[in-house]
Amino acid sequence: MTTTDDQSSQRDLRKAEWKVRTELAAAYRLVALFGWDDLVFTHLSARVPGPDHHFLINPYGLLFHEITASSLVKVDKDGQVVESGGLARVNPAGFTIHSAVHMGREDAGAVMHLHAPDGVAVSAHRDGLLPLSQTAMLCLNHLSYHDYEGVALNLDERERLIRDLGDKSMMMLRNHGVLTAGKDVPETFTYLYFLMKACEIQVKAQSCGPTCMPSEQAIQTTADQSQSLSSAAALTWPALVRLLDSKNPGYAV
């Protein structure tokens, strides 16, 4: 490869990385906008385009509505900071969870983990997510479970977490919260929205008294229809960005 070709390739990678940075910063602010954040805790991450096993994650100490594209921290697969936007601290529990998925699932371009109350409540429910709504039924075939082992500081847990996730795009972290994984930020956030909305509906429905379960045929039909769920991102993400631009712009710097 000539020097010119190499320079062009580097420019393309930087441009691709900035796009991912902008999308991930937008996702952080959307989480805050929907009220799903937990002070400076929980994490969203994205794989950096290119040959290196690097990914982007929030600097530990910023609120989600403060995150910008340039403030995201680039870390390697061992959790070492490669590049920071000023604040180089990374939550070690975030590294454990996100590195497990990024390194165990080559198709996981982004990973999102929340402690939002409705998600935690359903994760702690004996029966987990129930088919109480169309939204939940669209999630069930994409969902797996991982039992709670304590604050995720033990790197040995990564093997069990990725085993339990399998090839699914959504996970209930029992007594802890929710997690989604997808090919990129828009797809992963779309999964997150569906899963959180399903949890919110379940908590409200069960607080009203006895619930009405759909038929097994309806559950299976909706499960079959959910195979195209990832395609919803093409519609939802541009709309979400327009919403964010009207409510909390400034993330793309």
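Student: Which backbone oxygen does the side chain of T188 reach?

Tutor: This is a predicted model. T188 is part of helix α6, which covers residues 185-207. At a distance of 3.4 Å, its side chain reaches the backbone oxygen of A110.

Student: Is T188 buried or exposed?

Tutor: The relative accessibility of T188 is 0%. Buried means under 20%. Because its value is 0%, T188 counts as buried.

Student: Which residues does T188 touch, not counting residues up to four places away in sequence?

Tutor: A110, whose backbone oxygen the T188 side chain reaches, is one of the residues in contact with T188. With the sequence neighbours up to four places away left out, T188 touches A110, V111, M112, T180, A181, G182 and K183.

Student: What is the volume of the largest cavity?

Tutor: The structure has one cavity of 30 Å³ or more. Its lining includes I97, Y148 and H176. The volume of the largest cavity is about 60 Å³.

Student: How many charged residues are in the lining of the largest cavity?

Tutor: Among the lining residues are D147, E149, E157 and R174. Asp, Glu and Arg count as charged. By class, the lining has four nonpolar residues, three polar ones and, as charged residues, four.

Student: With which side chain does the side chain of H176 make a polar contact?

Tutor: H176 sits in the loop between β7 (170-173) and β8 (177-182). Beyond residues up to four places away in sequence, H176 touches several residues, among them I97, L114 and Y148. The polar contact of its side chain, at 3.2 Å, is with the side chain of H113.

Technical notes. Residues numbered from 1 in each chain as written. Predicted model: local features only at pLDDT ≥ 70, side-chain atom pairs only at ≥ 80, totals over all residues. Heavy atoms only, no water. Helix = DSSP H or I, 4+ residues; strand = E, 2+ residues; numbered from the N terminus. Buried < 20%, exposed > 50% of the residue type's maximum accessible area, 1.4 Å probe, protein only. Polar contact = N/O pair within 3.5 Å; in protein donor to acceptor, adjacent residues only side chain to side chain. Contact = heavy atoms within 4.5 Å. 1 Å grid on protein atoms, 1.4 Å probe; cavity = no way out; pocket = protein on both sides within 12 Å on 5 of 7 lines; lining within 4 Å. Points joined across faces, edges and corners; volume = space filled by probe spheres on them.
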